[in-house]
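I opened this entry to look up the charged pairs, the sheet and the pockets of one model. The model is a predicted one.

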Amino acid sequence: MSDRTAIVTGGASGIGNAIATRLASDGNLVAIFDINAEAVAEAAAVIEKAGGKAIGLTVDVTDRARVDAAIAEVKATLGRPTVLVNNAGGTLAGPFLDITPDIWDRALALNLTSTFHCCQAVIPEMLDEGWGRIVNISSSSVHSGSPGLAGYVTAKSGVVGLTKVLALEFGRRGITVNTVPPGFIDTPMLRQTVDSGMVDVDAQVAKTPVGRIGQPEDVAATCAFLISEEAGYITGQIIGVNGGRNT
């Protein structure tokens, strides 16, 4: 096993689960953070059954006190975390004029402030190690916009900006920070959007140059590279995984 301990937020399903599974299969010790207690326990158990090492912690990443406590538990159980993948997030859809201040604040808390919390809590551990890798999962909607998702798109755009700032601040300390904006990826969140009638899968695949819907494993493979030693000269970058939809 590797001596690298990785935290993956929102890791109990979809893209986050694929990332956690891939990092574990590559030999990393993985801590999965997710608000769904049953799902996070099951996700960790599946990795363990496959021969990896993982723990699942119930964490609301918008709650800074819980984030801090969970990171302390990771350090005590698996060792100092030096890899962080901020994947947790969610869409809060609705027309712009129907967005209440509470919905707006929730969208930013879930998709942007949570990334701030986790980065600020984990980076000191990386500084002590003199090595760190952060991958922030943003969204391809930051390039194109998306009607009905003002809060989500705004928050994910902030994730891109935060990524660039952290890359500049900590590059000389051995820490790289990059963002991956997934494109049209087959996830439970996407399927909910499809079921609501907001998205036509066939139409979106037709717009994708490689001619298929993306899989969570496509994003996971990119994250696996970005946290590797070989990616040590890559930081502050936006690495799109979108089948050529945005270039």
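**Salt bridges**

I began with the charged side chains and found that R4, K75, R80, E125, E129 and E229 are linked in a network of salt bridges. By the rule used here, the count for the model comes to eight salt bridges. As background, side chains of opposite charge can pair when their charged atoms come close.

I then took members of the network pair by pair. E129 and R4 form a salt bridge, with 3.7 Å between the closest N and O atoms. This pair links distant parts of the chain, since E129 sits in helix α4 and R4 in the segment before β1 (5-9), 125 residues apart. I looked up the accessibility of both partners. E129 has 36% relative accessibility and counts as partly exposed, whereas R4, at 16%, counts as buried. The cut-off for buried is under 20%, so R4 falls below it.

Next I checked E125 and R80, whose side chains meet in a salt bridge at 3.4 Å, N to O. E125 is in helix α4 and R80 is in the loop between α3 (64-77) and β4 (81-86), so this pair ties together parts that are 45 residues apart in sequence. E125 counts as buried at 13% relative accessibility, and R80 counts as partly exposed at 29%.

I also noted a salt bridge between R22 and D26, where the closest N and O atoms are 3.0 Å apart. R22 is partly exposed, with a relative accessible area of 33%. D26 is partly exposed as well, with a relative accessible area of 43%.

**Sheet**

In what order do the strands of the open sheet run? I read it as β3-β2-β1-β4-β5-β6, six strands with parallel pairing. β3 (53-58) and β6 (175-180) are the edge strands, each pairing on one side only. On average, neighbouring strands of this sheet are turned by 15 degrees against each other, direction ignored.

β1 and β4 pair in the parallel sense over four bridges, and A6 stands opposite V83 in β4. β4 and β5 also pair in the parallel sense, over four bridges; here N86 stands opposite N136 in β5. Strand β5 (residues 132-137) is joined to β6 by six bridges, and the two run parallel. In that pairing, I134 has V177 in β6 as its bridge partner.

Is β4 mostly covered or mostly open? I found it mostly covered, with six of its six residues buried.

**Largest pocket**

The largest pocket has a volume of about 1400 Å³. I counted 50 residues in its lining, and T91, Y152, T187, M189 and L190 lie nearest its centre.

Which element gives the most to this lining? It is α7, with five residues. At least two residues each come from α1 (14-25), β2 (29-34), α4 (101-129), α5 (141-144), α6 (150-170) and α7 (188-195). I note that α4 is also the helix that holds E129 and E125.

I sorted the lining of the largest pocket by residue class and got 22 nonpolar, 23 polar and five charged residues.

How values were computed
Residues are numbered from 1 along each chain as its sequence is written. This is a predicted model: local features need pLDDT of at least 70, side-chain atom pairs count only at pLDDT 80 or more; totals for chains, interfaces and linings use all residues. Side-chain values use heavy atoms; hydrogens and water are left out. On a 1 Å grid over the protein atoms alone, a cavity is a set of points where a 1.4 Å probe fits but cannot get out, and a pocket is an open set with protein on both sides within 12 Å along at least five of seven lines; lining residues have an atom within 4 Å of a point. Grid points are joined across faces, edges and corners, and a volume is the space filled by probe spheres set on the points. Ala, Val, Leu, Ile, Met, Phe, Trp, Tyr, Cys and Pro count as nonpolar, Asp, Glu, Lys and Arg as charged, and the others, Gly among them, as polar. A salt bridge is a side-chain nitrogen of Lys or Arg within 4 Å of a carboxyl oxygen of Asp or Glu. Buried means under 20% relative accessible area, exposed over 50%, partly exposed in between (1.4 Å probe, protein chains only). Two strands pair if DSSP finds at least two bridges between them. Axes are lines fitted to C-alpha atoms, for helices over the stretch in contact, and angles run from 0 to 180 degrees between N-to-C directions.
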